[in-house]
Amino acid sequence: MTFRPVAAATAFAALVLSLSSPARAQFETRASLPTQNTSYSIVVGDFNRDGIPDVASVDIVQNTTGSVEILLGNGDGTFRPGAAYALAAPAFYAVSASLRDDGVLDLVVGAAGAKDVYVLLGNGDGTFQNAISYATTAEAVMVGIGDFTGGGKTDIVALEEVPCYCVEVLPGNGDGTFGAAITTPLPYSMSGYALATGDFNNDGKLDVAVSGEAFPNFQVAILSGNGDGTFSADGFYVVPEDPGSIATGYFTGNKKKIDLAVASSLGGHVSVLLGNGDGTFQQPVLYETNLPTWVVAQDLNGDGKIDLAASNAGQAFSSNSGVTVFKGNGDGSFQTGKFYPAGKEGNYVAVGDFNGDHRPDLVMADYDSGDVITLLNTGAVAFSPTTALNFEKQAVGKTSAAQAVTLTNTGTAELKIQSMKASAEFAVTSTCGARVAPGAECTISATFSPTKQGAEQGTISIIDNASSKPQVIELLGTGT
């Protein structure tokens, strides 16, 4: 198994979300839930069919085995622990789909430590059956899903390492079981890091984009689908070092031309390759960001234009872990990234409406701490800082010095504030009043007055017309 802790790659189906009040989306760290082991990547899906997105965390257990841990959504951006499922070998990535076409989500996991892929069939209540393994020729770095054989059923596609260096398709039987792997060697003497799927040449057959290394270059190769589970080489494009993730989307709005975004962690850039609709792509345009480990493409601010969000690994003794958002211009170009700090080593980012306000939020896997971190989309309300206020140690019976958060109305309409309240042993004052004009800012101040020793957690809850759910500022403190 080749272990690459800051290079992530797979494909997952993003949730389609309806939005309102377009503005530059702002994301705030709102919740953090530890996993039982080390969270490497995540998959979003409504696994218990309650209308609230859940998360499946793909965990590494001491580099020798793996597990999939289910985190059930509470509907406010937080999660509660669900069941965990042991895997015989470590795994990096997973995808989710209804493999039996019954509306129940199942999971497909690539076994990066064994020559298998794992299938966990869902029960529809947030639990899954034990993993069933299907043999592959080599270690499955990552997996995807789609109809690659033309049978109208969901197949599995796996990107594999030594000794195969290949793409393999496991034909689906339509009942959650799969047939023997069909193998296509990778072209151009390359090894594979990441894959993404799509009909890049508009011939009705699914193709695959594979990123990896062909010494001395790093590149993205296009493999055109033949419709029978095999692929044919169709060119490659040089990208920066360590291209560990590929996202697809219509960056120009043209639904006949699929575009690619590639996160190159060691290269420090997200590369955008605009599709020509015939299986070829324009040369990469680079957007700088610190150690991008994963990238997703989604309209995050409701303006009808695709944006990009990349998780950032950060570095030891630095604070560069988090997520960078690149606002799309709608013509295939993107604005300079805006960074939102979160966690210690952001290894993966996914999208979902986790608090039910019809805005896409972000959830990040923190490889260093093992936490799954939620960053809620506050829409037209921007807060600075975007992280929790931490009062650390404060003597019992005394009131701390105030800590401030700046609220800015980044929208084009007046922000109307109905209420602002602090919970637990915290208090809040503000200069905001009941209305904040477009472009204006105000100050929210919080204090901590502990009545007992120990850690205390609270919130400032703001009800306004920018969101159908309260905006929340996290507060942390310790009474001594």
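Predicted model: local features only at pLDDT ≥ 70, side-chain atom pairs only at ≥ 80, totals over all residues.
Local features were taken only at pLDDT of at least 70 and side-chain atom pairs only at pLDDT 80 or more, whereas totals for chains, interfaces and linings use all residues. Residues are numbered from 1 along each chain as its sequence is written, and side-chain values use heavy atoms, without hydrogens and water.

The whole structure contains 6 salt bridges, each defined as a side-chain nitrogen of Lys or Arg within 4 Å of a carboxyl oxygen of Asp or Glu. K327 pairs with D303, with 3.3 Å between the closest N and O atoms. This pair links distant parts of the chain, 24 residues apart: K327 lies in the loop between β24 (321-326) and β25 (338-341), and D303 in the loop between β22 (292-298) and β23 (307-313). Strands are DSSP runs (E, at least two residues), numbered from the N terminus. K327 is buried at 18% relative accessible area, while D303 is partly exposed at 24%; buried means under 20%, exposed over 50% and partly exposed in between (1.4 Å probe, protein chains only).

A salt bridge also joins E414 and R435, at 2.7 Å from N to O. E414 is in the loop between β31 (403-409) and β32 (415-422), and R435 is in strand β34 (residues 435-436), 21 residues away. E414 is partly exposed, with a relative accessible area of 34%. Salt bridges with shared partners connect R100, D102 and D106 into one network. Within it, D102 and R100 meet at 3.8 Å, N to O; D102 is partly exposed at 38% relative accessibility, as is R100 at 22%.

How values were computed. Helix = DSSP H or I, 4+ residues; strand = E, 2+ residues; numbered from the N terminus.
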